[in-house]
Amino acid sequence: MAAGGDHGAPDSYRSPLASRYASPEMCFVFSDRYKFRTWRQLWLWLAEAEQTLGLPITNEQIQEMKLNLDNIDFKMAAEEEKQLRHDVMAHVHTFGHCCPKAAGIIHLGATSCYVGDNTDLIILRNAFDLLLPKLARVISRLADFAKEHANLPTLGFTHFQPAQLTTVGKRCCLWIQDLCMDLQNLKRVRDDLRFRGVKGTTGTQASFLQLFEGDHQKVEQLDKMVTEKAGFKRAFIITGQTYTRKVDIEVLSVLASLGASVHKICTDIRLLANLKEMEEPFEKQQIGSSAMPYKRNPMRSERCCSLARHLMTLLMDPLQTASVQWFERTLDDSANRRICLAEAFLTADTILNTLQNISEGLVVYPKVIERRIRQELPFMATENIIMAMVKAGGSRQVQRFLEEEVYPLLKPYESVMKVKAELCL
């Protein structure tokens with residue numbers, strides 16, 4: 001932070017994920033302001049719980065901290081970190097500067113990971129809360145599309161060679177089924193997140209036992225109280241200095257899996273665009289090519305595929321980080337996690353925003369589809385028989401799938417279904 005450049009300046013590198021692609025709300029969750037404001041909130045929750053359990057902390061000190069949660073002097077914090085080479089202590093000093101009465105009790109008994117790891121867990125939870133309704137909306141839009149085209153026969157492909165007929169709606173259900181699995185997996189990992197809590201330097205809570213003069217019950221109450229204040233139902237019983245980095249593997253695994261689903265869907269759309277059977281939205285003023293203006297390139301689907309590949313590769317970071325955490329903790333996780341966790345969520349956010357935009361404007365060309373079917377019908381079966389079978393089977397399967405597997409999953413997200421996709425670019 002202290003050594004970084006002016007990231008808002010045009011002559012300094014800025015991540016395209018933040019400057020070009022991801023939504024403002026996801027960028028804010030991973031912003032410095034949100035992070036360091038959460039640090040201060042955690043220090044306040046700790047002080048409140050410690051006061052409740054009998055430590056000599058005054059109401060005046062608590063009130064002073066409350067009034068300065070948003071009063072963050074980023075310039076001072078950067079200067080402090082440059083001197084101390086320690087980001088947490090830089091912010092302890094910065095918070096203490098605007099809370100002189102409370103300065104002595106800020107971070108009382110805690111280690112850096114009290115604010116660092118617990119903030120990360122809060123951010124991960126909140127980032128999932130942004131992704132889940134977006135994924136639900138994509139599924140809902142595709143379900144509408146599948147229902148609309150449940151009876152439209154189209155040529156199926158295996159090995160990208162002509163096979164038997166399916167329907168446009170039935171094919172879309174293949175995409176929806178994968179996304180439904182992703183929705184369930186994201187919700188499961190989000191709900192399984194546990195708070196690191198109040199654990200001390202090596203997970204033994206020794207510093208807090210000393211503060212409470214060996215009263216184990218009060219230390220456990222402290223852990224529980226702070227966990228509840230942070231909105232978590234459970235905290236880890238066992239930690240080292242950090243929460244286990246296996247959690248990061250779980251988080252990025254489901255995001256990478258989502259990336260695989262989106263890549264497959266958008267690859268199908270790109271292939272169908274080449275066949276001229278289907279295409280993504282193409283705006284009135286959109287230019288397909290600077291040299292060939294007649295082209296209608298599937299640029300949104302290509303963007304999704306490009307970013308989905310990046311999302312899938314990010315999984316290697318937490319896998320390797322978790323494998324090399326020596327004993328209670330090593331610091332070689334820190335710089336890596338600053339990058340991979342944020343990038344994974346910003347990338348997932350971008351591809352879901354883009355896929356929603358695609359799914360809200362998919363265009364189907366029935367005449368082109370019919371012409372291709374007629375070309376292949378002599379190699380398959382009698383036209384009337386196969387058309388009737390496909391229409392009946394496709395429609396029945398689509399309807400049953402939507403009613404039994406898709407709509408029940410979407411029910412918790414009904415209130416956000418009408419939100420339209422907004423792309424940065």
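Guide: Contact means heavy atoms within 4.5 Å. The model is predicted: local features need pLDDT of at least 70, side-chain atom pairs count only at pLDDT 80 or more, and totals for chains, interfaces and linings use all residues. Residues are numbered from 1 along each chain as its sequence is written, and side-chain values use heavy atoms, with hydrogens and water left out.

The part is helix H10, residues 216-229 (helices are DSSP runs of H or I, at least four residues, numbered from the N terminus). H10 has 14 residues and spans 20 Å from its first C-alpha to its last, close to the 20 Å expected at 1.5 Å a residue (1.5 Å times one less than the number of residues). At its start, a side-chain oxygen of Asp215 comes within 3.1 Å of the backbone nitrogen of Gln217. Just after H10, Gly231 has a positive phi of about 85 degrees.

Val219, Leu222, Asp223, Met225, Val226 and Thr227 of H10 are buried (under 20% relative accessible area, 1.4 Å probe, protein chains only; exposed is over 50%, partly exposed in between). Their cover includes H3, helix H7 (112-148) and helix H9 (206-211).

Tyr34 sits in H3, residues 32-52. Tyr34 counts as buried because its relative accessibility is 18%. Leaving out residues up to four places away in sequence, Tyr34 touches Phe28, Val29, Ile122, Ile123 and Asn126.

Val324 lies in the loop between helix H13 (316-323) and helix H14 (334-359).

Technical notes
Helix = DSSP H or I, 4+ residues; strand = E, 2+ residues; numbered from the N terminus. Polar contact = N/O pair within 3.5 Å; in protein donor to acceptor, adjacent residues only side chain to side chain.
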